[in-house]
Amino acid sequence: ALRYLAECRANREKMKGELGMMLSLQNVIQKTTTPGETKLLASEIYDILQSSSMADGDSFNEMNSRRRKAQFFLGTTNKRAKTVVLHIDGLDDTSRRNLCEEALLKIKGVISFTFQMAVQRCVVRIRSDLKAEALASAIASTKVMKAQQVVKSESGEEMLVPFQDTPVEVEQNTELPDYLPEDESPTKE
């Protein structure tokens, strides 16, 4: 966050004048227990703020920031995750959605999922080493729903691709923590 704030010229003098900012950055850089990437980031921020009064330093730092920006956040370039869109036949009420949630939560490698009930869809984020067939097997195990993968053709049209009916062996999450009971939910307060 500090790195991105420092990219804006208008923020640099304010940040440099903030009590303890430069000292804290120096401490992070000099600590022996600080991870290398964090040291590098702290020293970059320190250099940007230090050179904020020098106009010629700005163009160098602007160029440098553009080159490094992609390293800080994984975002869409995260190679360890992929997104699968499923069309689920039979996903038409909350009890079926709950069944589907339970089935997906048991699969090791599922990161997150969201439902689009109106169109019977589920968008699932999974580890790249998990096959989409495993999701279909888990949904088929509910005995009341069947999944098809939604893919886009070259022309941009959506197509439904059915999975084979041969069940796939799925690594289960065996130790799932219990969710808080609904009556203790802090959102109701």
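Modeller: Helices (H or I, at least four residues) and strands (E, at least two) are taken as DSSP runs and numbered from the N terminus. The model discussed here is predicted.

Biologist: How many helices and strands are there in the protein chain?

Modeller: From the N terminus on, the order of elements is α-α-α-α-α-β-α-β-β-α-β-β. Counted by type, the protein chain has seven helices and five strands.

Biologist: What share of the contacts with a separation of 6 or more comes from residues 24 or more positions apart?

Modeller: Contact here means heavy atoms within 4.5 Å. Among contacts in the protein chain with a separation of 6 or more, the share from residues 24 or more positions apart is 61%.

Biologist: Which residues of helix 3 are buried, and why are they on the same side?

Modeller: Helix 3 spans residues 21–30, and its buried residues are Met21, Met22 and Leu25. Because they cover an arc of only 95° around the axis, they lie on the same side of helix 3. The other side of helix 3 has Leu23 and Gln30 exposed.

Biologist: Which element gives the most to the largest nonpolar core?

Modeller: This core has 24 residues, of which Leu86, Ile88, Leu104, Val124 and Leu135 touch the most other members. At least two residues each come from strand 1 (81–89), helix 6 (94–105), strand 2 (110–116), strand 3 (121–127) and helix 7 (132–140). The element that gives the most, with six residues, is helix 7.

Biologist: How many residues does the other core have?

Modeller: It lies apart from the largest one, and Ala6, Ile45, Tyr46 and Ile48 are among its members. Its number of residues is ten.

Biologist: Which residues is Leu135 in contact with, leaving aside neighbours within four places in sequence?

Modeller: Leu135 is one of the residues that touch the most other members of the largest nonpolar core. With those neighbours left aside, its contacts are Val84, Leu86, Leu104, Ile107, Val110, Val124, Ile126 and Leu130.

Biologist: Is the aromatic pair of Phe113 and Phe115 stacked or edge-to-face?

Modeller: A search of the whole structure finds one aromatic pair. Both Phe113 and Phe115 are buried. Their rings are 5.7 Å apart centre to centre, with 70° between the planes. Planes over 60 degrees apart count as edge-to-face, so the pair is edge-to-face.

Terms used
Residues are numbered from 1 along each chain as its sequence is written. This is a predicted model: local features need pLDDT of at least 70, side-chain atom pairs count only at pLDDT 80 or more; totals for chains, interfaces and linings use all residues. Side-chain values use heavy atoms; hydrogens and water are left out. Buried means under 20% relative accessible area, exposed over 50%, partly exposed in between (1.4 Å probe, protein chains only). The arc is that of the directions from the helix axis to the C-beta atoms. A nonpolar core is a set of buried Ala, Val, Leu, Ile, Met, Phe, Trp, Tyr and Cys residues joined through side-chain atoms within 4.5 Å. Rings of Phe, Tyr and Trp (its six-membered ring) pair if their centres lie within 6.5 Å; planes under 30 degrees apart count as stacked, over 60 as edge-to-face and the rest as tilted.
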